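Welcome! Please take a moment to look over the sequence and the 3D structure, and then we will walk through them together.

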Amino acid sequence: MKLSKDQLTDEALTALCCAGKSDRDIGRLYGMTGEGVAYRRKKIGIKRSDKQTKLKRAVDVLWNIPTKDLESDYYSMTVSEFSKKYGVSKTVWLPIVRKRGLVSKSENNSKYYPEFTPSQKSLIIGSLLGDGGIEEGGRYFESHSKKQEQYLLYKKKVLEPYSSHVYPCDNNTGLRFYTVFHQNFIKYREVFYQDGLPGKAIPLEFIRDNWDDRIIAYWFLDDGYFDDENRVLYIYNFCRDNEQLRKFSVFLEEKFGWGFKTGSTNLTFSKKYYKEFFEIVLRVATPDVLYKIPEDFLSLEDVKRVDIQKTPTHPKFYRVGSDETRRYMELELFNRYWGKPFPYPSLSDDRKKYLAINFARRPQEKEVDGVLTHNTSGMALCESFFPNIYKARRKGYRPPVDLWRDRVFMEKLVKNRLKYADRINDSAMRKGMKLMRIAVSNFKPTVARYLYGKYNVNGRVLDYSAGYGSRMLGAMSLGLDYVCYDPCIETSKNLNVFGKFLKDNIGGEYTVRCQGFERSVEYKEYFGVAFSCPPYFDYEEYSNDPEQSIKAHPNYVDWVENYWKRTVYNCSEAIIEGGFFAVCLSPQQCLPLIHSTIEACREIGLNFVEEIRVPFKHIYSDDKYEVIYVFVKGEPLEAKPFPDINIRIPSEKAKKKEKKRRRFLKSYDLQGVEEAFRSLASSSGISRETYKNLGINGVPVHVIERKFGSWNKFIRACGLDPQYEVQTSVQVVLDYFEACDKEGRSLSFYDYGKCTAGKYRDRLKRRFNAGRKYHALRDDLFKAAADPSLRGAFLDLLE
């Protein structure tokens with residue numbers, strides 16, 4: 001609220017002047033002009049001696065400074081830089097500059113482009129280490145994607161008055177910025193473009209003489225990369241002279257002491273100095289390059305600078321941003337993919353050829369203490385030939401191509417990707433389905449290549465459950481003769497196409513049979529090694545073809561006897577004496593199948609050679625692993641007992657857990673429990689509930705489940721059909737729905753336990769809690785409990 005000038009008393013004016021208020025500020029408060037306030041002030045004898053003295057000192061400096069120094073500052077600085085240096089505004093210093101004979105910059109053509117300022121020097125040097133370049137005539141240029149337009153325009157502004165125009169490039173997907181031609185740039189070209197070296201050099205002495213911390217910031221924003229998954233920072237330079245890069249790292253170490261190390265084309269340094277480094281980077285980073293900075297060093301204020309509507313969707317902004325930012329990004333990402341076709345993997349022909357040749361040239365993986373290191377090389381190539389991998393489904397879920405059209409699932413997938421992914425693209429969306437345990441995963445080609453290389457006897461290998469081309473790639477990359485069997489018609493067609501591609505580009509031979517190997521009698525003592533990763537009964541369903549093992553043998557006991565054991569027997573017949581039979585199985589998912597495999601090998605006469613653990617990362621746990629069990633036909637070089645699969649030790653964490661479990665089990669007599677249960681169950685159909693009352697050998701149900709992993713696994717280990725477990729998932733859910741109907745609402749697990757005195761709550765929790773079989777359907781369970789019309793579709797998803 002403004003006051004009137006009549007309210008400005010002498011005392012108020014004196015107090016405001018003592019508080020440092022200017023005449024103009026006081027005038028705004030009382031509706032007066034600054035000149036009116038100055039008149040009143042002088043009338044009552046209030047002087048501003050300090051201000052007059054400061055202004056007079058600045059004017060005296062401008063009049064007395066040597067003309068040469070004044071000329072250098074005027075033509076090399078911006079208006080704001082000149083005003084800041086001399087402490088007066090342009091209205092004060094411009095008349096003095098003109099009276100001292102300095103003409104305007106536009107009129108002074110010969111001196112229009114001054115020497116570079118420190119800001120310009122650091123930008124040019126840092127960018128020449130990165131993406132920048134200088135043409136022979138002395139013109140600077142730099143290109144970036146349109147996504148980094150703000151960053152490019154920022155550089156253009158810093159380099160004024162040398163800046164020229166920004167032009168579109170790279171088929172209108174990028175922008176290129178040019179300066180004018182000028183001799184000042186020629187000096188930089190002479191030191192960065194040295195004769196005899198391809199590309200740019202690293203002129204260490206020149207950089208040392210002109211060093212500014214902003215140089216390393218510009219270099220990182222141009223050619224730096226932070227690996228969010230492994231938490232490692234890289235700054236790239238393609239000088240091609242490793243000695244220059246090494247000397248430069250020594251200089252940086254002297255400058256910062258961050259523990260710099262050099263690679264073939266990059267620099268990195270100790271993680272404990274990342275915070276100090278990114279503080280320097282944030283001084284010059286524009287909003288469109290903040291995605292290069294780890295979320296640990298981004299604040300909410302930094303993210304607020306980002307125009308989310310113009311900047312690509314980067315998950316780190318979602319994790320650091322406000323609730324409003326999260327909601328907008330969720331909606332934007334959902335709209336990007338909803339209603340669009342499924343993003344099948346796709347590669348160009350040249351890219352496929354490059355990946356195949358590069359895979360064939362890579363060194364073998366290494367095995368240390370029975371643990372095989374590996375990576376995902378070759379996976380993208382395989383998926384590009386086998387899009388039908390996304391038509392297969394895991395137990396309890398629909399296929400990914402069907403879920404892609406489910407609005408509720410897509411909302412969950414979008415949140416999952418924004419929460420966990422490093423970046424958002426089609427590949428990240430497909431990876432999200434795998435991490436959510438919805439999409440079927442493929443075998444690692446690097447693992448297959450290692451095993452074929454280690455156990456190759458005669459150059460001929462058998463894959464008795466071919467799958468999606470990973471073992472074909474591993475075998476043919478070694479130039480082997482690869483024979484495979486798969487009953488899926490579409491997969492077999494794709495295997496033939498993939499085999500022809502590999503044979504034309506990296507060599508090797510292949511034969512594809514569209515049938516299950518359990519029915520094959522074609523080969524006798526022909527192969528040196530038979531290796532595959534078989535289906536885990538009904539854990540994954542690959543197609544609806546009638547010859548699929550789960551279709552032909554829907555009962556687990558029948559499946560083991562008539563599919564799996566026959567397959568193992570046929571493999572032993574197909575390999576030569578001294579040949580190897582290998583199988584990859586997961587102790588966490590198919591413990592009974594491992595029992596059956598070892599039993600079958602023992603019966604056939606195959607001898608155990610070794611087991612190789614293959615760890616893999618998972619979004620919820622680092623203790624996941626698979627085991628390759630290797631057997632030999634004939635006597636092994638070193639006799640080994642068959643493995644005891646109950647004491648698999650995948651990690652230090654698992655060692656402690658396993659020791660605790662074994663100490664617990666020692667207090668119970670487990671001898672004969674399986675045999676006693678088998679005899680009782682076959683005669684009276686004993687179930688889990690009735691076992692509680694019997695307590696065979698005094699062993700309660702929870703001890704049985706802890707020993708074997710679950711009640712179902714115990715039944716299968718006894719060689720019985722799981723039909724003896726009365727409480728199926730469908731029945732458990734129907735009981736829950738009945739309780740909800742009685743209460744007239746959807747019950748939480750806690751409320752359900754209260755309604756049933758805790759009798760049935762644990763059954764639901766064992767199926768729907770985190771990490772359990774149907775955890776992904778937990779929200780759908782509650783919706784179906786509230787809306788009976790949804791129950792039929794929900795029960796179809798259960799077994």
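## A first look at a pair of strands

Which residue in β4 does H144 stand opposite? H144 stands opposite L175 in β4. Before going on, please note that this is a predicted model, in which local features need pLDDT of at least 70 and side-chain atom pairs count only at pLDDT 80 or more, while totals for chains, interfaces and linings use all residues. Residues are numbered from 1 along each chain as its sequence is written, and side-chain values use heavy atoms, with hydrogens and water left out.

Strand β2 (residues 140–145) and strand β4 (residues 174–179) pair in the antiparallel sense over five bridges. Two strands are said to pair if DSSP finds at least two bridges between them. Strand β1 (residues 133–134) is joined to β2 by two bridges, again in an antiparallel run, and G133 has F141 as its bridge partner in β2. Together, β1 and β2 make a hairpin with five residues between them. In the turn of this hairpin, G138 has a positive phi of about 100°.

## The chain as a whole

The chain holds 38 helices and 19 strands. Here helices (H or I, at least four residues) and strands (E, at least two) are DSSP runs, numbered from the N terminus. Of its 799 residues, 48% count as buried; buried means under 20% relative accessible area, exposed means over 50%, and partly exposed lies in between (1.4 Å probe, protein chains only).

The chain exposes about 40000 Å², with carbon and sulfur atoms supplying 49% of that area. Accessible areas come from the Shrake-Rupley method with a 1.4 Å probe, and for residues only the protein chains shown count as cover. Among contacts in the chain with a separation of 6 or more, 66% are between residues 24 or more positions apart. A contact means heavy atoms within 4.5 Å.

Four bridges join β5 to β6 (residues 232–236), and G224 has I235 as its bridge partner in β6.

On the α12 side, R214, I216, A217, Y218, F220 and L221 meet F277, F278, I280, V281 and V284 in α14.

## The nonpolar cores

In soluble globular proteins, nonpolar side chains tend to be buried together. A nonpolar core is a set of buried Ala, Val, Leu, Ile, Met, Phe, Trp, Tyr and Cys residues joined through side-chain atoms within 4.5 Å. In this model, the largest such core has 163 residues, of which F248, F277, F498, F531, F581 and I628 touch the most other members. Helix α27 (residues 556–574) gives the largest share of this core, eight residues.

Leaving aside residues up to four places away in sequence, F531 touches a list of residues that includes F443, Y452, R471, C584 and I628. A second, separate core of 19 residues includes V733, C740, F768 and A784.

## Some backbone details

A cis peptide bond joins E160 and P161, with omega about 10°. P161 sits in the loop between α9 (149–158) and β3 (163–169).

Two residues other than glycine have a positive phi: E525, near 45°, and F537, about 55°. E525 is placed in the loop between β14 (509–513) and β15 (527–532), while F537 lies in the loop between β15 and β16 (540–541). F537 counts as buried, at 7% relative accessibility.
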